[in-house]
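This briefing concerns a single structure, shown below.

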Amino acid sequence: MALNILPGTQGDGTNERRQNSLNYPLPKTAIPIKLSINTDSSWVYCNFPENITDNTMLADKSNVSLNRQVVKAGNVQIFYSHYNQLSANLHYGIRIYNPNSTSVTITPTNYGHSDSEPGWSNASGCSWENFFKGPNGCLITSKTELKPNESLWIMDKSIKLGVFSGNLRFSTTKSVAVSVYAYFDRSKVGNATTIFSYDNAFSEVKNEEERKKMKMVYSGLGEGFFFTAKQITLKASELLEKGGIYFSTHCRNYTPSYLMEVNKVEKSELIPIHIAGTDKIAAVGKASPLHNVGNWCAQYYIPIRLENDLNYPITFSGYVQTGVKKDNEIASIFIISSGSNTKYGKVSSQKFNSWNWLNCTIPANDSIDDAYQFIFGTNSTTPVNHIFTVKA
């Protein structure tokens, strides 16, 4: 059984469609959650340069990749998010190289891409709706043998002006090299490119504030991408007594109110990023600007048990709510998925600060065990409270 997810507010500006959004009070009772993360899998993280502005960033003009990582056998996920300021004829692509002496098998499983129209809401949300439909949009969509010292292109997208983002997952039977490029003409991308330099890219930027802002985004390798929570049991009698409960997931460099347990260690869940072509690590506790990490497009798998221990039917409701109040309104896009049902919604730091994503009625003395995935969209800026309430 998959949870029936209610749609959230979507769209940008005049295209906004408000749904199931409201101001909802935060319950008094917070519960901790225990997470594990798949550090045995590779997360190729691509957000630098955030703005693609000139030929120095292009593979067919300057012989550079935006990211290159040697990844181990198993599952590999690639997240990318950029703003194309250069040309509507730009392309963005991913190539896999086999450095082994024997063949390797590459199997794409999921891919979702979305770009500029109608902006952040589309790029953040639609990309995940597409991702959960399978590998459609990849240049290969089934198992493909890659011979020694050969390469293949797994993705090549034409990019409009404006923001674009995507996520790609594949499995590999051996270690391979993954390179990510922007270019006009794929046939002119060389076999041996250098990594677009994080350390040297700011030398021509004279404004110190602009330079600092540019340094707060990264391309590199993340330590896993998929969190799994220990099952959370929600009892109707307890939620009625307490007026609801909540737990929190965190994004960006806000200080959590308490530390998570991640892989049995008390620590922040924010994922460190090993920056491509350097020995630098962006992580919680690092000096500015390397402190600026956020779990953008990492996946949280959250098993829940909805248990009605009362003698009459009860409706369980779920909400996601921005966890930080800001003087200026900030809207973030969040994605929730269960089974084949994926929805996204825009949640504000001021108005309509909660998305009512779940209403589920459970008969008397009955229960269901289920799960949902939660994802911070690429433009998310705040922690999120996951609120659960009940009513007769």
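The model is predicted: local features need pLDDT of at least 70 and side-chain atom pairs pLDDT 80 or more, while totals for chains, interfaces and linings use all residues. Residues are numbered from 1 along each chain as its sequence is written, and side-chain values use heavy atoms, with hydrogens and water left out.

**Helix α2**
- Helix α2 comprises residues 120-131 (a DSSP run of H or I, at least four residues; strands are runs of E, at least two, and both are numbered from the N terminus).
- Its buried residues are S121, N122, A123, S124, G125, C126, S127, W128 and F131.

**T342**
- T342 belongs to strand β27, residues 341-348, and is buried at a relative accessible area of 11%.
- Leaving aside residues up to four places away in sequence, T342 touches W128, E129, F132, I335, I336 and S337 (contact means heavy atoms within 4.5 Å).

**Nonpolar cores**
- The largest nonpolar core has 99 residues, of which Y92, I154, W357, Y372, F374 and F388 touch the most other members (a core is a set of buried Ala, Val, Leu, Ile, Met, Phe, Trp, Tyr and Cys residues joined through side-chain atoms within 4.5 Å).
- Apart from this core lies another, of five residues, among them A59, W153, Y181 and Y183.
- Beyond four places in sequence, the contacts of Y372 include I336, S337, W357 and F388.

Conventions
Buried means under 20% relative accessible area, exposed over 50%, partly exposed in between (1.4 Å probe, protein chains only). The expected span of a helix is 1.5 Å times one less than its number of residues.
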